[in-house]
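These are my notebook entries on a model of two chains. I set down what I looked up, entry by entry.

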Amino acid sequence: MASSEMMGSQVKCLLSGVSDHGDRHLAEVETDLVQMNILLAEAIKKLGASFMAIHGALCIQQETVSQLLSGGAPAPECVARLEAIHGEIGQHVNAAVTGLQFQDMTSQLIGRMVTHLAGLRDMFGALGTGSSNVLPESDQQDIVTLLNCVNQMLAQRSVALEGSVRKAVSQRHMESGDIELF
Amino acid sequence: MAKTILAVDDSGSLRQMVAFSLKAAGYEVIEAVDGQDGLDKAKKQTVDLVLTDQNMPRMDGLSFIKALRGMTSYQRVPILMLTTESGDDMKAQGKAAGANGWLVKPFDPQRLTEVVKKVIG
């Protein structure tokens, strides 16, 4: 086999391998991410429902305690303690509501990752398409020309990907955000 | 009579948290899943305040606000953005579109309620 044939064969093998291997990995990652998004959404739905139920029960309990206390002459320190507990529960509920908003952000981040993965898969697809045009008898000039075309395709896809994906979530913690009235 | 707030967000959990917080403060809350759904619901009933996300399918928050401001009945209704977006350029676009305020997620229920009370009482 001439050296040019070997080169063509090797380049074809390389490009096909990169394309197929990368595509399989990315397909798995994409599937996992989509599944994670579904699981997170389900988890937050259940957490939210439980949270509301607990809060409702606590409110009823508080009303009951208040009714009991209004019937007799409870010690002032007991009344103060109950009021303090009620306030603490309110603060915990507010904190939980803030914390529970993680799903909104992770969902946006996951959606962005899926878009990036789709872009990567597109790039691997371009590599695979290029490799199919390489023949064993292709000479070095053919290969150089082909590689140049493939590189141009990849560059175009990279530019398109960068232009289409803007990061909307910059939060790195779950503290409440700024408020500005115009 | 309780004042009504239209909460527009494509995240079901976020809408749930907004509705929970505002209903606890005595407001009625109508939920919409995106800007287009919000616009459809706004046409059926004029609300006292609109709280909307920015990044949503079908119609984003800025387009939604522009469409609302084009309706006679919504030219003076307060509109607040509640979004993960925190960049000054986006805030400027929101203000230009007709938003009256910008709240960055995640929100604290007490602070959200305070802002809503300040805006519509």
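**Entry 1: the interface**

I began with the contact between the chains, to which chain A gives 26 residues and chain B gives 27 residues. I counted two residues as in contact if their C-beta atoms, placed from the backbone, lie within 7 Å. The model is a predicted one, in which local features need pLDDT of at least 70 and side-chain atom pairs count only at pLDDT 80 or more, whereas totals for chains, interfaces and linings use all residues. Residues are numbered from 1 along each chain as its sequence is written, and chains are lettered from A and ligands numbered from 1 in the order in which they are written.

I then asked which elements of chain A supply at least two residues each to the side that touches chain B. They are α1 (3–71), α2 (76–99), α3 (102–132) and β1 (179–181). The largest share of that side, 5 residues, belongs to α3(A). By type, I noted 11 nonpolar, 11 polar and 4 charged residues on the side of chain A that touches chain B. Here Ala, Val, Leu, Ile, Met, Phe, Trp, Tyr, Cys and Pro count as nonpolar, Asp, Glu, Lys and Arg as charged, and the others, Gly among them, as polar.

**Entry 2: the two chains**

For chain A I recorded 4 helices and 1 strand, in the order α-α-α-α-β from the N terminus. Helices (H or I, at least four residues) and strands (E, at least two) are DSSP runs, numbered from the N terminus. Of the 182 residues of chain A, 15% are buried. A residue is buried if 20 or more other C-beta atoms lie within 10 Å of its own, exposed if 12 or fewer, and partly exposed in between; the C-beta atoms are placed from the backbone. Among contacts in chain A between residues at least 6 apart in sequence, 90% join residues at least 24 apart.

Chain B has 5 helices and 5 strands, which run β-α-β-α-β-α-β-α-β-α from the N terminus. Its radius of gyration is 13 Å, close to the 14 Å that the globule rule gives for 121 residues, so chain B is as compact as a globular protein of that length. The radius is taken over C-alpha atoms, and the rule is 2.2 Å times the number of residues to the power 0.38. I noted that the C-alpha trace of chain B spans about 30 × 30 × 25 Å along its principal axes. In chain B, 46% of the 121 residues are buried. Among its contacts between residues at least 6 apart in sequence, 59% join residues at least 24 apart.

**Entry 3: the sheet**

What is the order of the strands in the open sheet of 6 strands? I read it as β1(A)-β5(B)-β4(B)-β3(B)-β1(B)-β2(B), with mixed pairing. Two strands pair if DSSP finds at least two bridges between them. The edge strands, each pairing on one side only, are β1 of chain A and β2 (28–32) of chain B. From one strand to the next, the twist averages 15°.

I listed two partners in β2(B): Ala32(B) for Val8(B), and Val29(B) for Ile5(B).

**Entry 4: individual residues of chain B**

I looked up Gly61(B), which lies in helix α3 (residues 61–69) of chain B. Is Gly61(B) buried or exposed? Gly61(B) is buried, because 28 other C-beta atoms lie within 10 Å. Leaving out residues up to four places away in sequence, Gly61(B) touches Gly35(B), Thr52(B), Asp53(B), Gln54(B), Met56(B), Met81(B) and Thr83(B).

I next checked the backbone. Most residues other than glycine have a negative phi, and most peptide bonds are trans. Arg58(B), however, has a positive phi near 65°. Arg58(B) is in the loop between β3 (49–52) and α3 of chain B, and it is partly exposed because it has 14 C-beta neighbours inside 10 Å. The peptide bond between Lys105(B) and Pro106(B) is cis, with omega about -5°. I placed Pro106(B) in the loop between β5 and α5 (109–120) of chain B.

Technical notes
Axes are lines fitted to C-alpha atoms, for helices over the stretch in contact, and angles run from 0 to 180 degrees between N-to-C directions.
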